[in-house]
Amino acid sequence: EFPPKSSLDKKVFGNQDSSITKEHIEMNMDGYSVDKAFKNNRLYILDHHDALMPYLRRVNSTSTKTYATRTILFKKYDGTLKPLAIELSLPHPQGDIHGATSHVYTAAEQGVEASVWQLAKAYAAVNDSGYHQLVSHWLNTHAVIEPFVIASNRHLSVLHPIFKLLQPHFRDTMNINALARQILINAGGVLEITVYPGRFAMEMSSVVYKDWVLTDHALPVDLLKRGVAVKDSSYPHGLNLLIEDYPFAVDGLDIWYAIETWVDDYCSFYYSRDNLVEGDTELQAWWYEIRNVGHGDKKDEPWWPEMKTKDDLVKTCTIIIWVASALHAAVNFGQYSFAGFLPNRPTVSRRFMPQPGTPEYEELESDPEKAFLRTITAQFQTLLGVSLIEILSRHSSDEVYLGQRENPEWTTDAEPLAAFERFRTKLMDIEKKIIERNNDKSLKNRQGLVKVPYTLLYPSTSDNSGVGGLTGKGIPNSVSI
């Protein structure tokens, strides 16, 4: 809907709806009206407003000075997205109940307006980089996989078929998470120093978790929920991508359905009838702990699979494997490539937008580069942050990628071994398709303006070299860095 609406409680936060109007954006929409753009699926939003606004007054009481942002983007004829307007919002000075005070900035290429637009994009990037690290990365992969690891080790014997299926996807996860709690996400740790929420970082992540839904992490469901796909039976797998050249979605769907097919083939061998799922006491004890202990605060949610049928089991295991492998690879291993140059993706802002008539605005007019650098992440924070994401983006030399197993004798059952070989072959076919897409000049988003090919979901199933490092590609089986 337009203008974008807020879901924050009006009794607490007042009117938080967007102040972006048609007049702000229609001048740069290639002749489209807002109504026509909506009908043609050409308007998109990057919306961090509601996630940040409840914390913004406290965040801005520290050395951070930032905004809650909304960014409106337009899909051009070549499939790329163009930012049209950025809304920067602050809590009302007279109290939260009075709503937000907002200012909308639109694209400009010349004069001080271009420098203001550059700063507006920086504030939006600050929001996005913090959300990425705290929610998309830490919460939605590292943290949420833990209850499944713990329950599997408590309730499934090493000979249980579901333990054998999932065990590769739990490798080193508890170790890396324990290390993260010691030096990265602890109070005063690296994350609090290098991202804008500072000491409120983990609290923000925890509050976002209250809206976590397991089944929403199935990739097709995620794409539908985010409004970048619609159901359409005439398309492969019944899903029409509205941004056709969306590398994460295109490659991700190939990976998702390969995993789903493998899991279905595997589970069908051991659970040929639904009553075998319901009658498996180890499996049921595993599922009871996941739902009632590992997620005790969410045990009564209606979205939990009942774990009474093979389909319930396949759906659940597919999501677990997807999150631990491909989703984590997509959000983690490209951090250095895409965010290693901090002026392009700052993690902190130290000053508010300069206002006309102030010394800061005069500085922006006379020396925009100096003003920009004095606003974004400071030098020490930059060095620390870049060092962190370089480490996080490295593959280890003993990486075990999707479609590989450490022990070739993990099972002696012929049908599961044959199904796994089909899975390996499918993943290697996907590798070839990804290379072909990246070589297709008509797909502008595969390389971007800086010519960095999208390979984060390149499985590397065929890679047995034992060479790690900043490869920018490869889907490890587990969350291990």
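Biologist: At 36% relative accessibility, how does Asp-172 count: as buried, partly exposed or exposed?
Modeller: In this predicted model, Asp-172 is in the loop between H6 and helix H7 (173-183). Buried requires under 20% relative accessible area and exposed requires over 50%. With a relative accessibility of 36%, Asp-172 therefore counts as partly exposed.

Biologist: What is the phi of Asp-172?
Modeller: Most residues other than glycine have a negative phi. Asp-172 is not a glycine, yet its phi is positive, at about 70°.

Biologist: Where is Asn-41 found?
Modeller: Asn-41 also has a positive phi, near 55°, in a residue other than glycine. At 33% relative accessibility, Asn-41 counts as partly exposed. Its place is between helix H3 (34-39) and strand E1 (43-47), in the loop.

Biologist: Which residues does a cis peptide bond join?
Modeller: Most peptide bonds are trans. In the segment before helix H1 (10-13) lies Pro-3. With omega at about -5°, the cis peptide bond joins Phe-2 and Pro-3.

Biologist: What is the radius of gyration of the protein chain?
Modeller: The protein chain has 19 helices and six strands. For 481 residues the globule rule gives 23 Å, and the computed value is close to it, so the chain is as compact as a globular protein of that length. The radius of gyration is 24 Å.

Biologist: Among contacts between residues at least 6 apart in sequence, what percentage join residues at least 24 apart?
Modeller: Buried residues account for 52% of the 481 residues in the protein chain. Of the contacts in the protein chain between residues at least 6 apart in sequence, those joining residues at least 24 apart make up 70%.

Biologist: Against which helix do the buried residues of H19 pack?
Modeller: H19 has 25 residues and reaches 37 Å from its first C-alpha to its last, close to the expected 36 Å. Its buried residues include Phe-420, Phe-423, Leu-427 and Glu-431. The helix against which the buried residues of H19 pack is H11 (247-270).

Biologist: Which side chain of opposite charge is nearest to Glu-431?
Modeller: Glu-431 is in helix H19 (residues 414-438). A salt bridge needs a side-chain nitrogen of Lys or Arg within 4 Å of a carboxyl oxygen. Glu-431 is buried and has no salt bridge; at 7.9 Å, the nearest side chain of opposite charge is that of Lys-473.

Biologist: With which side chain does that of Glu-431 form a polar contact of 3.4 Å?
Modeller: Beyond its neighbours within four places in sequence, Glu-431 is in contact with Tyr-458, Pro-459, Ser-460, Thr-461 and Ser-462. The polar contact of 3.4 Å joins the side chain of Glu-431 to that of Tyr-458.

Biologist: How far apart are the end C-alpha atoms of helix H13?
Modeller: Helix H13 (residues 281-294) has 14 residues, which at 1.5 Å a residue should span 20 Å. The computed distance between its end C-alpha atoms agrees with this, at 18 Å.

Biologist: At the start of H13, which residue has the backbone nitrogen that a side-chain oxygen of Asp-280 reaches?
Modeller: Trp-286 and Trp-287 are among the buried residues of H13, and their cover includes helix H5 (111-155) and H14. At the start of H13, the side-chain oxygen of Asp-280 comes to within 3.2 Å of the backbone nitrogen of Glu-282.

Biologist: Is Ser-325 buried or exposed?
Modeller: Ser-325 is found in helix H14 (residues 310-332). Leaving aside its neighbours within four places in sequence, its contacts are Ile-259, Leu-402, Ile-475, Pro-476 and Asn-477. The relative accessibility of Ser-325 is 1%, so it counts as buried.

Terms used. Residues numbered from 1 in each chain as written. Predicted model: local features only at pLDDT ≥ 70, side-chain atom pairs only at ≥ 80, totals over all residues. Heavy atoms only, no water. Helix = DSSP H or I, 4+ residues; strand = E, 2+ residues; numbered from the N terminus. Buried < 20%, exposed > 50% of the residue type's maximum accessible area, 1.4 Å probe, protein only. Lys, Arg positive; Asp, Glu negative; His and termini not counted. Polar contact = N/O pair within 3.5 Å; in protein donor to acceptor, adjacent residues only side chain to side chain. Contact = heavy atoms within 4.5 Å. Expected span 1.5 Å × (residues − 1). Rg over C-alpha atoms; globule rule 2.2 N^0.38 Å.
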